[in-house]
Amino acid sequence: MFKKVNRVQARSQKRRRKKHKPWIVRIFNHQCYITYITGLYSCRWKPKQEEKPRCGSCCCSKREQLFYPFLVISSCLSVVLLFVWIETSNEYSSFDWVVYLGTGLWFFWSILLLSLFGILAAYSSLLLVLGFLLIWEGNELYLHWCHKILTLLVIVVCTFFMSILNIYWKDKWLTFGLSLRILAPYMHLSSITMMVILSWPVAFYLIHLEKEAIQVAVGLPFFIIILCLYLVPLGTYSPCIQEKDKLGPKPDFFGHRGAPMLGPENTMMSFEKAVENGAFGLESDVYLSYDEVPFLMHDSDLRRTTNIKEVMPNASLTPVPYFTWDFLSTLNAGKWFVQSQFKPFYNMKPLSEADREKAMHQMIPKLSDLLELVQKEKKMVIFDLNAPPPKHPLRNTFVRQVVSVILDSNIEQHRIYWLTAFDRQYVKSKAPGFQQVGRLYSTERLAKENITKINVDYKKLFYSGLRDYKAANININLYLVNEPWLYSLAWCSSIHSVTTDNIQLLRQINHPYFFMTPSYYMFMWFLMDGMSAVFIIAIFYFHWWRGKKKEKALESTSSETDNEILQRGKRKNQEASNSSIEAPSRILEHPWTLKPLYPALPNKIRKHPGPRHFSVAPKKKDRKPEPVKETIKPLKPMKDNISQLMSSKAVEPVQTPTWSATREPTLQTALPALKADEPIISSMEVPHPTTQLKRMPTIESLQESSLKMDSFISFMSLSSFHLSSEEN
């Protein structure tokens, strides 16, 4: 009864605890977490109760051990490819333009590849993290075959694109190297932070692993990497680590084709927007029409930036110099910019209604129109002069034609940055005020040709002779700089000007990004090294201390269990020895009578049994026993019975010298009687074994049964003693 009450109370307490627990704790427990990560990794969503393997023992098959390195390789390749593509975002526009030339379809291919590389990196990294979590939890690794196929596909895709970059787009790797230069100090500090985080699992496995070879394989690379990170600043060079007084002035801006994010490129609207945003100069591309008129156009055909497909579809692929100015002046050069599918930049801001209306009415401008704006706004101008095709009438005299147009515009000659190397001597003699601009020439050639300015690709300059150009006092203009980090690198490198598409953003930068003084970087270096060393030592010590504590707890529990096992063995031996002298279970039942022991004796002898009647064996009778209507009262031995036993004489001599000799016949006479007189004990309530176990004996019942057992033993011992004395 008490047990049932306790169980009801325990159930009610559990229900109260469940009610008090929040729903997040009840639903998202540890088993749910294990099931979730196992389902994502192995596609097994049914929870399993698995025993955790010992630390140091492998928790996966050999097939999984062989495939896990492929998962690591796919994750590393995808992450590196994604990082390279993110850092080369400065070249997205040029990449889209190159793909357009090959396919004839304008689209943000660079953003599409960025999304693809991001998905591949996220997928492979997620699988790698899930595998690590399963190993940490001690679960078995089993990567589903779909994940294995996709992992191999990730490796193939990443290898393909990296080979394409190596063959056709090597400049991407140069941009990636430049990003490492400016980001090196911050990557160094963040790498130390990552190593501190990784020290937790590394310390855990080093403490718990059993094989020394595995400990060396895990611990040695970790400590080598952390030691190299501590010493990296000794060989790190970043242009943005310098004293403040050595920082040069802010580089000027040349609007690349004007402001192509604010208006259609190479139109008067675009150039006016560049002037409004504080451009130092304007950059453009010049072609000559078939009737010898210089005009502004970048592409070699008219498909992308004009409505040639609407006016003359068959002539859309015709080279630009074969058209006359009379036809070119009728084409619209701004409608494509308003249409969403032809936007040149993915991060363009939406145009206002006035700008949209103005852009839709833009036409192809002449070179003279640009020169007029430059003279009016007191700006500089630089342009690429494209040579006409072989059958063009100005094939060999295009430079002289352009020079004459410039001189006829009455512009100040020092505002012209002359870039074309063809027929440079004629230009110097005809227009000595032009500022001659060279390419990536040697300093000796620049001095020989009396050139003090160069216009170079940023990717090539930083890898070839930047210090030599500075020493020769050469004025440097970089193209094409669109990202803030790249502009900050040019600023820290004391570059004089940059050509950009993103003038509206770069003009807002008042201080270079990632700039720090050497003293500040040294302070951060020592601070991060010291703090990381302290944290790593503390983490290793904590795992060592916790391992020792667990070992001591295991030793104490094992000793306690050993003692308990020994005590249980002793108890079993004692119980076995005691059970050999215990009375029959039938005798211990309550109430008990002498009738089961002596069923064949007459009633007189039953009431007053003597010692001679113990040897009488009962005779078997086939008749059915008569049912007893009244219940049998329990026998209570009295003093008269004991005295009568001592005074009576045996009629039939029985050789029973001891109690052990008389014990077997007594039981033999008792056991057959039990079967014969079954109805006689019908009034006795024998409990079922299952209910008997539930009933706990009380102290009073135990004392009563022990008294009855003592009285029975004393009665039998006295009778056996009397029999032996009579025999003697």
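This is a predicted model: local features need pLDDT of at least 70, side-chain atom pairs count only at pLDDT 80 or more; totals for chains, interfaces and linings use all residues.

Me: Which strand does β1 pair with over 4 bridges, and in which sense?

Reply: That partner is strand β9, residues 497–500, and the pairing is parallel. Within β9, Val 498 is the bridge partner of Phe 253.

Me: And how many bridges join β1 to β2?

Reply: There are 3 bridges between β1 and strand β2 (residues 281–288), and the two run parallel. His 256 stands opposite Glu 283 of β2.

Me: Which way do the residues of β7 point?

Reply: Lys 453, Asn 455 and Asp 457 point one way, while Ile 454 and Val 456 point the other way; all are buried.

Me: What joins β6 to β7?

Reply: Strand β6, residues 435–438, runs parallel to β7 and is joined to it by 2 bridges. Opposite Ile 454 in β7 stands Gly 438.

Me: Changing topic to helix α8: how far apart are its end C-alpha atoms?

Reply: They are only 48 Å apart, although α8 has 38 residues (171–208). A straight helix at 1.5 Å a residue would reach 56 Å.

Me: Where does α8 bend?

Reply: The bend is at Leu 183 and amounts to about 65 degrees. Pro 185 follows within four residues.

Me: What about the chain as a whole? How many helices and strands are there?

Reply: The protein chain has 28 helices and 9 strands. Of its 728 residues, 40% are buried.

Me: What share of the contacts with a separation of 6 or more comes from residues 24 or more positions apart?

Reply: Such residues account for 70% of those contacts in the protein chain.

Me: Before I set anything up, what is the average pLDDT?

Reply: The average is 78, and 73% of the residues score at least 70. Over residues 581–702, pLDDT stays under 50, and the model has 98 contacts beyond four places in sequence for that stretch. The pLDDT is also below 50 over residues 721–728, where the model has 16 contacts beyond near neighbours in sequence.

Notes
Residues are numbered from 1 along each chain as its sequence is written. Side-chain values use heavy atoms; hydrogens and water are left out. The expected span of a helix is 1.5 Å times one less than its number of residues. The bend at a residue is the angle between axes fitted to the seven residues ending there and the seven starting there. Buried means under 20% relative accessible area, exposed over 50%, partly exposed in between (1.4 Å probe, protein chains only). Contact means heavy atoms within 4.5 Å. pLDDT is the predictor's confidence in each residue, from 0 to 100. Two strands pair if DSSP finds at least two bridges between them.
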